[in-house]
Amino acid sequence: MKFRSYINNNLMQLWKGSLKLIKKYSACTLVCIFGLVLYSQLMTHQLVNAYDGLWEYTYHSAGKWELSLGRWFWLYLDKIRFGINNDPWTSILTISLFSIGMCVMSDIFCLEDKKVSLLISALFISSTAVSVSLSYRYMSPIFGLAFLLSVLAVWVVLKMDKIVLPILLGSFIIALSMGAYQAYLGCTCLIIVGYLLCQLYCTDVQWKQIGIYFGKSAAMVSIGGILYVLLLKIHLIVFQTSMSSYNRADTYSLLNSVKKLPVTIKNAYSMFAMYFFKDLYRTNMLQSYKIYFVLFIFAGVIITIGFIHIWCKNRIRAICFLVLTILSPVAANAVVLIATDTGVSIQMTAPLALIIPVFLCIASKVVSHIKMSLLIQVAVGAASMVVLWGSIYQVQVDQNAMYEGRIAASTMAEEILHELAEEKCLDPDLRYCFVGIPAGNRMFYVSDAYAYANNYAMIGVGWTDPSSSMKSWRGIFHYFCGVNINVWSTDSCKDEIAGADIENMTVYPMKGYIKQVGDVVVIKVN
């Protein structure tokens, strides 16, 4: 009887503990479900972007190319996944990693209001940064894990009471995150800045504690960066690889970063401005209606209120609060300070997409201590919901563009295959050279909404160089049509193209758009 009672008591405690755990992290589950519904079209139709997503598709095993870009940890992560990237599993895994990362961030900022936690998580999950990450299916879990690690490093260093252990553990996590994808360093730096702003606002937090937070964070990022470089150099030596010239990766150095600091800081602010206030990327269906401008007006008001609140008690503290606020865009673009010659491509914008969620975390602290807090909360909440609504529909437009582009491009490819068979030019030993891109042909049909999508989602558009065009055509025939034809670039077939007399060839689907010159079949699409 005693044994049975002991078992029952332990089972009851386990059950109660599980219920508490589920209740505590129910927001994470809801966010994950939201993400799965939001990206259901991408998963069910196996959608990928028009670039590397189309070139690599369902199977990819990281090797020397990824290592040459500094992504040494990716080599091991692909071994764990066996290089397999089919959906819906891959996207479910990635969305889960992003969702857990946002729940960890909510815990860092001690958000007690689940509505705020859900809102900031939904804003990030519905961002173009997550959408484009999922479209790189062969590496989307790498993005998700790099994000989770970048947030987890902050949690470790700020939530653990000790000094040395959190710094060392956080540094190792930073090295892993950067070894997966370096751009997420901006997420780490931005969250640290946001947390310090909250601590400066809470005047009951002593200077000593703020100094410890800052010191631990600075030490973690610095040691983590050094550890990442050391591990990278070891891997480069072991695998006998050198850094790639892609995005000037081979020019990275501490001295170069310090010398170019004034320029890179200016670039960081420029990228912040272009992301939110110009058309660098389509991140929201309402951005042309200045929705971000409205939200940042609220941000300015709340930051001003916070500044005045602190100023009345401690002016040095208030100045620190203002300086950190001004440096937030630099923190978000931290990778630009290191990789001085790198621009911010759309898949690197996760830290910028995190700026609004971090601001809402700060706003929740400031607003709770002022008069008319309910009115301001409603106004900011309403503006945030409008931003969320616009983000959701931008993601829908991008997904549909990938779907429509795939249908249009694969239909054209199937018709070309039929014509090649008719003319007895369909042979795995022949070389095929495509002149033009699918979207350049008048038969390529997509809806009006296609024009509102981001470039990454436009299958059939944007292949500006011969190598990219070759890889994209190859992806269409190999993965969309399931046919093994040997596609070559126009640069590699210059003599054959000249012999085909391109100028006088007709364009698909008119008779004569296919011409064979030796072992090369020239196909003029536009």
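**Exercise 1.** Classify Arg431 as buried or exposed, and describe its salt bridge.

Solution. Step 1: in this predicted model, Arg431 has a relative accessible area of 13%. Buried means under 20%, so Arg431 is buried.
Step 2: the side chain of Arg431 meets that of Asp519 in a salt bridge, at 3.0 Å from N to O.
Step 3: Arg431 belongs to strand β1 (residues 431–435), while Asp519 sits in the loop between β3 and β4 (520–524); the pair thus links distant parts of the chain, 88 residues apart.
Step 4: Asp519 has 35% relative accessibility and counts as partly exposed.

**Exercise 2.** Which strands pair with β4, and in what sense?

Solution. Step 1: β1 and β4 run parallel and are joined by five bridges. Within this pairing, Arg431 has Val520 in β4 as its bridge partner.
Step 2: β3 pairs with β4 in the antiparallel sense, over four bridges. Here Ile514 is partnered by Ile523 of β4.
Step 3: β3 and β4 form a hairpin with two residues between them, and Gly518 in the turn has a positive phi of about 65°.

**Exercise 3.** Which residues of β4 point one way and which the other, and are they buried or exposed?

Solution. Step 1: in a regular strand, side chains alternate between the two faces of the sheet.
Step 2: Val520, Val522 and Lys524 point one way from β4, and Val521 and Ile523 point the other way.
Step 3: all of them are buried. With five of its five residues buried, β4 is largely enclosed by the rest of the structure.

**Exercise 4.** How many salt bridges does the structure hold? Describe those of Asp78 and Glu419.

Solution. Step 1: there are five salt bridges.
Step 2: one of them joins the side chains of Asp78 and Arg81, at 2.8 Å from N to O. Both Asp78 and Arg81 are buried.
Step 3: Glu419 and Lys511 meet through their side chains at 3.1 Å, N to O. Glu419 lies in helix α21 (residues 373–422) and Lys511 in the loop between α23 (494–500) and β3 (514–517), so this pair ties together parts 92 residues apart in sequence.
Step 4: Glu419 counts as buried at 16% relative accessibility, whereas Lys511 is exposed at 64%.

**Exercise 5.** At what angle do α6 and α11 pack, and which residues meet?

Solution. Step 1: helix α6 (residues 72–80) packs against helix α11 (residues 164–180) at about 80°, with the axes 6 Å apart. That angle makes α6 roughly perpendicular to α11.
Step 2: Trp72, Phe73, Trp74 and Leu77 of α6 meet Ala175, Leu176, Gly179 and Ala180 of α11.
Step 3: the contact residues divide into seven nonpolar, one polar and no charged.

Methods:
Residues numbered from 1 in each chain as written. Predicted model: local features only at pLDDT ≥ 70, side-chain atom pairs only at ≥ 80, totals over all residues. Heavy atoms only, no water. Axes fitted to C-alpha atoms, helices over the stretch in contact; angles between N-to-C directions. Parallel < 35°, antiparallel > 145°, perpendicular 65-115°, else oblique. Contact = heavy atoms within 4.5 Å. Nonpolar A, V, L, I, M, F, W, Y, C, P; charged D, E, K, R; others polar. Salt bridge = Lys/Arg side-chain N within 4 Å of Asp/Glu carboxyl O. Buried < 20%, exposed > 50% of the residue type's maximum accessible area, 1.4 Å probe, protein only. Pairing = 2+ DSSP bridges.
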